[in-house]
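Thanks for coming, everyone. Please bring up the model, and I will walk you through it.

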Amino acid sequence: MPAPRYDVFNGDADGICALHQLRLAEPADSVLVTGVKRDIGLLARVPAAPGARVLVLDISLDANAADLRRLLDGGAAVDYYDHHSADCAFEHPRLRLHCDGAPDVCTSILVDRALGGRYRSWAVTAAFGDNLEHAARRLANGMDAASVAALAQLGQVLNYNAYGECVADLHCAPDTLYRALGAYADPLDFIAASPVYPTLHDGWRADCAQLQQLQPYWQHSGGAVYLLPATPWARRISGVLANRLAARGDGAAFAVLNERSDG
């Protein structure tokens, strides 16, 4: 019986595109472990097993350090790609760690480096989704403007889909979305041919329209607080709003708060 394999990834654009690049390069049958964007304690769901192979993408090592040790002590081999905090990083003979916390790096960029740019369009997509416009445009050097615009839109839509209190809030579960991408080596083909993309794009447009009526809950010359209602659309759109506020680059501080369904 072959050793089990697990692909553990954040359910946002970066995590999905990072895994897609690696599995285009090295196809494998794996158990998928993922969730909404803020569900990052994912290694707790992976059982320890001698010989298991675990690929981890776009979840903080610091938030998963104890379970990472548990899996390694249990005999697993782990490949770990991430751009979040890794203060708890450690060496182990069965751990291959690819971490870079630079502010202009996302996990898909780390995977792009490892693959020598083999599936770069997906890294560009992920960088746009992670709100790293300058990094995305550097990666997209040489692509035509229309393609870059399409990849930027795709990245935003994939990332938007990951926001929610639970998977039921999302238009498409992250594991289902990853499998939908699987048929496409080129993201432009996914945009043109997949029935999933119009569903996500239409949902994104409808939720963005709700933002037109949104006013700050509190505002000051140095920043603002936005309080969103306890509704699925508000949970889905919170990341879009935060990214738009951050992209203004005016130095203001802000908070985007969601009322939780449990009060």
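Just after H4, Asn-131 takes a positive phi of about 65°. Asn-131 is not a glycine. Most residues other than glycine have a negative phi. Where is Asn-131 placed? Asn-131 is in the loop between H4 and helix H5 (133-139). Helices here are DSSP runs of H or I with at least four residues, strands are runs of E with at least two, and both are numbered from the N terminus. Asn-131 is partly exposed, with a relative accessible area of 31%. On that scale, buried means under 20% relative accessible area, exposed means over 50%, and partly exposed is in between, using a 1.4 Å probe and protein chains only.

Before I go on, a word on the source. This is a predicted model, in which local features need pLDDT of at least 70 and side-chain atom pairs count only at pLDDT 80 or more, while totals for chains, interfaces and linings use all residues. Residues are numbered from 1 along each chain as its sequence is written, and side-chain values use heavy atoms, with hydrogens and water left out.

There is another positive phi to look at. Asp-58 has one of about 70°, and Asp-58 is not a glycine. Asp-58 lies in the loop between S3 and H2. Is Asp-58 buried or exposed? Asp-58 is buried, with a relative accessible area of 1%.

Back to H4. Eight of the 10 residues of H4 are buried, so H4 is largely enclosed by the rest of the structure. Among them are Trp-122, Val-124 and Phe-128.

What does the packing of H4 and H6 look like? Two packed helices are described by the angle between their axes and the distance between the axes. Helix H4 (residues 120-129) and helix H6 (residues 145-160) pack at about 60°, with axes 7 Å apart. Axes are lines fitted to C-alpha atoms, for helices over the stretch in contact, and angles run from 0 to 180 degrees between N-to-C directions. That makes H4 oblique to H6. The classes are roughly parallel under 35 degrees, roughly antiparallel over 145, roughly perpendicular from 65 to 115, and oblique for the rest. The crossing of H4 and H6 is right-handed.

From H4, the contact includes Trp-122, Val-124 and Phe-128. From H6, it includes Leu-151, Leu-154 and Leu-158. Contact means heavy atoms within 4.5 Å. By class, this contact of H4 with H6 has eight nonpolar, six polar and no charged residues. Ala, Val, Leu, Ile, Met, Phe, Trp, Tyr, Cys and Pro count as nonpolar; Asp, Glu, Lys and Arg count as charged; the others, Gly among them, count as polar.

Next pair. The axes of helix H1 (residues 13-25) and helix H7 (residues 174-181) come within 10 Å and cross at roughly 40°. H1 and H7 are therefore oblique to each other. Their crossing is right-handed. H1 brings Ile-16, Leu-19, His-20 and Arg-23, and H7 brings Pro-174, Leu-177, Tyr-178 and Leu-181. The contact of H1 with H7 divides into six nonpolar residues, one polar and one charged.

Now the sheets. Five strands form an open sheet in the order S2-S1-S3-S4-S5, and the pairing is parallel. Two strands pair if DSSP finds at least two bridges between them. Strand S2 (31-33) and strand S5 (95-99) are the edges, each pairing on one side only. Neighbouring strands of this sheet are turned by 10° against each other on average, direction ignored. Strand S4 (residues 77-82) pairs with S5 in the parallel sense over five bridges. Asp-82 stands opposite Cys-99 in S5. Helix H2 (residues 61-73) packs on the sheet, touching S4 and S5, and its direction makes about 170° with that of S4.

Last, the other sheet. Three strands form an open sheet in the order S6-S7-S8, with mixed pairing. Strand S6 (218-220) and strand S8 (253-258) stand at the edges with a single partner strand each, so one side of each is left without a neighbour in the sheet. Six bridges join strand S7 (residues 223-228) to S8, and these two run parallel. Leu-228 stands opposite Asn-258 in S8. Helix H10 (residues 232-247) packs on this sheet, touching S7 and S8.

Conventions: Left-handed = near helix turned anticlockwise from the far one by under 90°.
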